[in-house]
Amino acid sequence: MTISKALTIAGSDSGGGAGIQADLKTFQELGAYGMSAITAVTAQNTLGVHGVYPVSIEGIVQQIDAIGEDLGTDALKTGMLFSGEVIEAVSERIHHYGWENIVVDPVMIAKGGAKLLQDEAIRALKEKLLPLTSVITPNIPEAEVLTEMKISSLDDRRKAAKQLMGMGAKAVVIKGGHADDKEVIDLFFDGTTCEELMSPRIETLHTHGTGCTFSAAITAQLANGMTMRDAVLTAKEFIRAAIEDGLGIGGGHGPTNHWAYNKRGEK
Ligand SMILES: Nc1ncnc2c1ncn2[C@@H]1O[C@H](COP(=O)(O)OP(=O)(O)OP(=O)(O)O)[C@@H](O)[C@H]1O
Ligand SMILES: Cc1ncc(CO)c(N)n1
């Protein structure tokens with residue numbers, strides 16, 4: 001039996017709804033063997049980020065090398081990378097191992113407003129990581145920072161997606177969670193097709209870690225051998241189920257339900 005393997009290079013969320021914890025739960029649910037390299041430890045719950053403790057560059061590289069020199073991976077995602085130095089080191093290691101199926105979730109700010117990426121890191125992200133990227137999955141504010149354009153309309157999103165492709169990403173999903181449309185529209189662009197992936201907007205406070213979970217689902221399905229479009233379509237269903245069947249835990253922005261997608265399939 002061959003098992004598909006997926007790696008997340010991201011921050012730890014002690015509350016378990018976002019970051020490494022959301023990624024590993026999602027990998028497991030979608031049948032990929034999950035591995036992690038932790039870039040920072042956050043003290044976090046549904047009420048906010050209470051502390052950020054970065055791991056040293058040496059510590060991050062050693063974790064990646066431990067995987068690269070032994071287990072290897074079929075796909076990987078990056079989440080909270082925190083600094084330009086980390087982005088440079090991570091990009092160099094991805095290049096070194098010749099890894100493919102690279103999903104970049106350009107995490108910048110947590111839902112409560114805490115900064116998870118320093119301003120000086122944007123340049124490294126564009127110059128070092130984007131050229132290695134199979135798909136980048138910014139939300140609207142992140143896409144605005146990366147493209148330096150204001151995104152109001154769907155047409156702006158199309159322009160931004162094209163610009164991100166021009167920076168080296170092979171595909172782009174601009175997520176619509178932050179827009180105020182009645183439906184949530186995620187814009188998928190792979191250089192030829194530009195598709196609007198629509199789903200009803202679910203009225204809930206409990207969307208902590210939606211972006212992490214979405215990009216982790218894409219990563220798992222790429223590891224499983226799916227095409228990019230099919231991986232993105234599955235991720236959209238996975239996150240929709242996870243938000244719809246929310247767990248209702250914690251006093252603030254609660255986590256999503258990582259079991260929901262499979263539980264529905266069992267019915
Ligand atoms: N209220 C909602 N109803 C339905 N789907 C949603 C809702 N909010 C987010 N999503 C979906 O969740 C995914 C993540 O979108 P979003 O724009 O919230 O990402 P994000 O801001 O990066 O998340 P994070 O809080 O993890 O940083 C997208 O596929 C989006 O369509
Ligand atoms: C560790 C971590 N990564 C990403 C996010 C964004 O949801 C978060 N809140 N925490």
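**Figure 1. Helix α5 meets helix α6.** In this predicted model, helix α5 spans residues 140–147 and helix α6 spans residues 154–166. Their axes come within 10 Å of each other. They cross at roughly 55 degrees, which means that α5 is oblique to α6. The crossing of α5 past α6 is left-handed. On the α5 side, the contact is made by I140, L146 and T147. On the α6 side, R157, A160, Q163 and L164 take part. Sorted by class, the contact of α5 with α6 holds 4 nonpolar residues, 2 polar and 1 charged.

**Figure 2. Helix α3 runs beside helix α4.** Helix α3 covers residues 84–97, and helix α4 covers residues 121–129. The axes of α3 and α4 come within 8 Å and cross at roughly 10 degrees. Angles under 35 degrees count as roughly parallel, so α3 is roughly parallel to α4. The crossing of α3 past α4 is right-handed. Which residues of α3 meet α4? They are G84, I87, E88, S91 and I94. Their partners in α4 are A121, A124, L125, K128 and L129. The contact of α3 with α4 has 6 nonpolar, 2 polar and 2 charged residues.

Figure 3. The side chains of E127 and R123 form a salt bridge. The distance from N to O is 3.6 Å. How many salt bridges does a search of the whole structure find? The search finds 17.

**Figure 4. Helix α1 crosses helix α7.** Helix α1 is built from residues 19–29, and helix α7 from residues 210–223. The axes of α1 and α7 come within 8 Å. The crossing angle is roughly 40 degrees, which means that α1 is oblique to α7. The crossing of α1 and α7 is right-handed. G19, A22, D23, T26 and F27 are the residues of α1 in the contact. They meet C212, T213, A216, A217, T219 and A220 of α7. By class, the contact of α1 with α7 counts 6 nonpolar residues, 4 polar and 1 charged.

**Figure 5. The annotated domain covers residues 13–257.** The UniProt record, an unreviewed entry, annotates this span as "domain: Pyridoxamine kinase/Phosphomethylpyrimidine kinase". How far apart are the end C-alpha atoms of residues 13–257? They lie 16 Å apart.

How values were computed
Residues numbered from 1 in each chain as written. Chains lettered and ligands numbered in written order. Predicted model: local features only at pLDDT ≥ 70, side-chain atom pairs only at ≥ 80, totals over all residues. Heavy atoms only, no water. Axes fitted to C-alpha atoms, helices over the stretch in contact; angles between N-to-C directions. Helix = DSSP H or I, 4+ residues; strand = E, 2+ residues; numbered from the N terminus. Parallel < 35°, antiparallel > 145°, perpendicular 65-115°, else oblique. Left-handed = near helix turned anticlockwise from the far one by under 90°. Contact = heavy atoms within 4.5 Å. Nonpolar A, V, L, I, M, F, W, Y, C, P; charged D, E, K, R; others polar. UniProt positions renumbered as here; feature names shortened; annotations may be inferred. Salt bridge = Lys/Arg side-chain N within 4 Å of Asp/Glu carboxyl O.
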